[in-house]
Amino acid sequence: MREADLREECVKVIRPESGWRIADFRELREYRDLFFFLVWRDVKVLYAQTILGFAWAILNPLTQIVIFTIVFGRLARISTDGIPYVLFSSVAVIPWTYMSESMIISSQSLITGQAMLDKIYFPRLIFPLTGVLSKMVDFGISLIILLCIGVYYRITPTWNLLLLPLFIVFMMCIPAAVGIWLSSLAVRFRDVKFAIQFAVRMLIYTAPIVYSAQSIPGAYRIIYSLNPLVGVIEGFRACLLGLSVPWPYIWPGMITTAFLLVTGALYFKRMERIFVDVI
Amino acid sequence: MVSDDSAIIVKNISKCYRIGSKENIHDSIGGAMIDFLKSPFKNYRKYRSLYRFDEAERLSSSGDTNQPSDIIWAVHDVSFGIKQGEVVGIIGRNGAGKSTLLKILCRITSPTRGYARLRGRVSSLLEVGTGFHPELTGRDNVYLNGTILGMRKKEVDRKFDEIVSFSGVEKFIDTPVKRYSSGMKVRLAFSVAAHLEPEILVVDEVLAVGDADFQKKCLNKMHDVGRRGRTVLFVSHNMQAITRLCERAILLDEGKVLKDGPSHQVVSVYLNSGYGTMAIREWPDPDKAPCGEIARLCAVRVRNEDGVITDALDIRRHVKVEMEYEVFRPGSILLPNFHFYNEDGLEVFVIVDLDPAWRRRKRPKGTYLSTALIPGNFLSEGTLFVRANLCTLAPQTIQFDVPSAVAFQVIDSLDGDSARGDFAGWFPGVVRPLVEWSTRFRQNGESANDIV
């Protein structure tokens, strides 16, 4: 009897798709086991057969922090509102490393996963989203750096820390949105692969990672803040260092991200049916 | 025929593709440069056109049969219904649209037109070992592959031991898969797939991998799946597997359904009307024919007992394999011979022309037709590939040697008077001779002298 019930509820209709839909959330839930396993596979494989293993997750941001401190902190003496440069840059470099790496992986996800795309059906949205989750492991590990630096500078936790989860979610939404958009474009235009690497190198300067956001003239503040990276970095800085949260720098970015996420999902769903034919 | 509780309903499914067109060739640098400058726009339009078929659809629905030259319909107006529990084979030449149809039914690609409805959980096996990652262990890959194929984690947990023992790699289950031999990988991958319990199973020629022993295991497992009331859709070139497993078959040709009916009939149509493997190969052009210093091959043909050229031979009846060749330099003793290979690549036997009319006789110029008569009830079921060879004796030289010149299928229609008798299961053996048996019987209690 149970089997018959199961049969009744799984009726799939196939017809040429048209129109705009965001995403089939029920289907995504149905495939959550697969989603988990794909993320787990990416994580496990990344450092397989390496000696240092997950220590690499620390090495990358750590070297960036050191270089920034020497170049921008000592040599160029960029003002950082009185915060020691090491602290200033590390709370920004950690989320930036996560965002840049997951954006790159996510945008190539459909192409690297071609073999599966061609032979198996599962919700295609899983492809770009896998990169967003698997890089969180690296992010988690690199938080150790923040912990050590925080202890060294004797930063006391404030109530702002409660807002950190919000900013972490915000931080994850950016590579999700960018990844969804770029992966569907990358299927047709291989230029995306080169464009994203180029863009990432430029984007690091559009967010207040090496410099302080106060240096931006007031007139341009809104336009500057439309870049969601600004919102994430400022939010992280405020939460972890106990400063007041500069909401005017944050909410424009949240709107942009929400917009990109929704339009990205719509475009992805519409293009989904031709991925296999065009890749 | 198509009722509401059918497992699969397919109505007028069509899919077209745009194939690449020749690049413009320039004869001036100016033209080439301008084209290069224009190319970002042209490339964009070209990529966009890959999935826009508006003009093709408009023409097609208005009944105009002239299509733009770069559009091909991989699947065209295919309709059929499959009831729950039916095991159906899909056959056709390469390029007939079988794999595309399966991809549409598995939702990997979407149809250009039409409608399909599948009732029940669908598991598709279009390739064995999809998602296998070499760095992960066998255990990890079983979970990964299982969830990729649609199982829940709990289900994989439940069946894990069974899967591992079916594959035979228990000892190595915790080693990274990159250390496995290719045979082990295939066995593990198929083992996961074999333990799926979907309502609808869609299989595409995966049985083309693995050794004969394993293939036997897989076929039996699929047979079980069919017997337990699941609906199975099976695409294969192996006619033997199709007739054994499927009650019904659908023949596709150039994207359209050519025949839909009992599998023996449909396989017959496929083999007899010149589709599929070739029972005849001819070389009308002397310059292109296989040739040596003394003779040249003109044709190789397979005929049944009645002389009809056919791919499908009845296992009980004689098979005639003939070689037509032209001798242009007289004075040699020739030895026509055929080698027969089965589906596993094993050389089953070799026959040599010992026709007393020409044996040890020096051949004059002319065209010869040498026919070999292979007795019925000797060959085994399956496909046989024929290699045609002609050599001279003293000195021993090869005039021509054509591997896989022709091929044919030996089919047992299970009427009871072939060598398998009443046995309907898997009948092994590279040959299947029908031999005479005699039995002596003594009832218990009688003395030895009373044996009948």
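Analyst: Helices (H or I, at least four residues) and strands (E, at least two) are DSSP runs, numbered from the N terminus. Strand 1 of chain A and strand 4 (residues 113–119) of chain B run antiparallel and are joined by 4 bridges. This is a predicted model, where local features need pLDDT of at least 70 and side-chain atom pairs count only at pLDDT 80 or more, while totals for chains, interfaces and linings use all residues. Residues are numbered from 1 along each chain as its sequence is written, and chains are lettered from A and ligands numbered from 1 in the order in which they are written.

User: Which residue is the bridge partner of A:Lys12 in strand 4 of chain B?
Analyst: That's B:Leu118.

User: And how many residues of chain A are in contact with chain B?
Analyst: 29 residues of chain A touch 37 residues of chain B, with contact meaning that the C-beta atoms, placed from the backbone, lie within 7 Å. On the chain A side, the elements giving two or more residues are strand 1 (11–14), helix 3 (32–46), helix 6 (114–119) and helix 13 (275–278). Helix 3 of chain A gives the most, with 6 residues.

User: How do the residues on that side of chain A divide?
Analyst: Into 17 nonpolar, no polar and 12 charged. Here Ala, Val, Leu, Ile, Met, Phe, Trp, Tyr, Cys and Pro count as nonpolar, Asp, Glu, Lys and Arg as charged, and the others, Gly among them, as polar.

User: What's in chain A, in terms of helices and strands?
Analyst: Chain A has 13 helices and 1 strand. Of its 279 residues, 37% count as buried, that is, with 20 or more other C-beta atoms within 10 Å of their own; 12 or fewer is exposed, and in between is partly exposed, with C-beta atoms placed from the backbone.

User: Where is confidence lowest in chain A?
Analyst: In helix 1 (residues 2–9) of chain A, with a mean pLDDT of 43; pLDDT is the predictor's confidence in each residue, from 0 to 100. Helix 8 (residues 164–188) of chain A is highest, at 92. Over the chain, the mean is 85, and 95% of residues reach 70 or more.

User: Switching to chain B: what's the strand order in the open sheet of 4 strands?
Analyst: The order is 10-11-13-16, with antiparallel pairing. Strand 10 (280–282) and strand 16 (366–374) of chain B are at the edges with a single partner strand each, so one side of each has no neighbour in the sheet. Strand 11 of chain B pairs with strand 13 (residues 319–327) of chain B over 9 bridges.

User: Is B:Arg296 exposed, partly exposed or buried, and why?
Analyst: B:Arg296 is partly exposed, because 19 other C-beta atoms lie within 10 Å. B:Arg296 sits in strand 11 (residues 295–304) of chain B. Its C-alpha atom is 5.6 Å from that of B:Tyr325, 29 residues apart along the chain.

User: Last topic: which residues touch the most other members in the largest nonpolar core?
Analyst: B:Ile90, B:Val202, B:Phe234 and B:Ala249, in a core of 79 residues. A nonpolar core is a set of buried Ala, Val, Leu, Ile, Met, Phe, Trp, Tyr and Cys residues joined through C-beta atoms within 7 Å. Helix 6 (residues 182–194) of chain B gives the largest share of this core, 7 residues. There's also a second, separate core of 51 residues, which includes A:Met103, A:Leu125, A:Val132 and A:Phe268.

Methods. Contact = placed C-beta atoms within 7 Å. Pairing = 2+ DSSP bridges.
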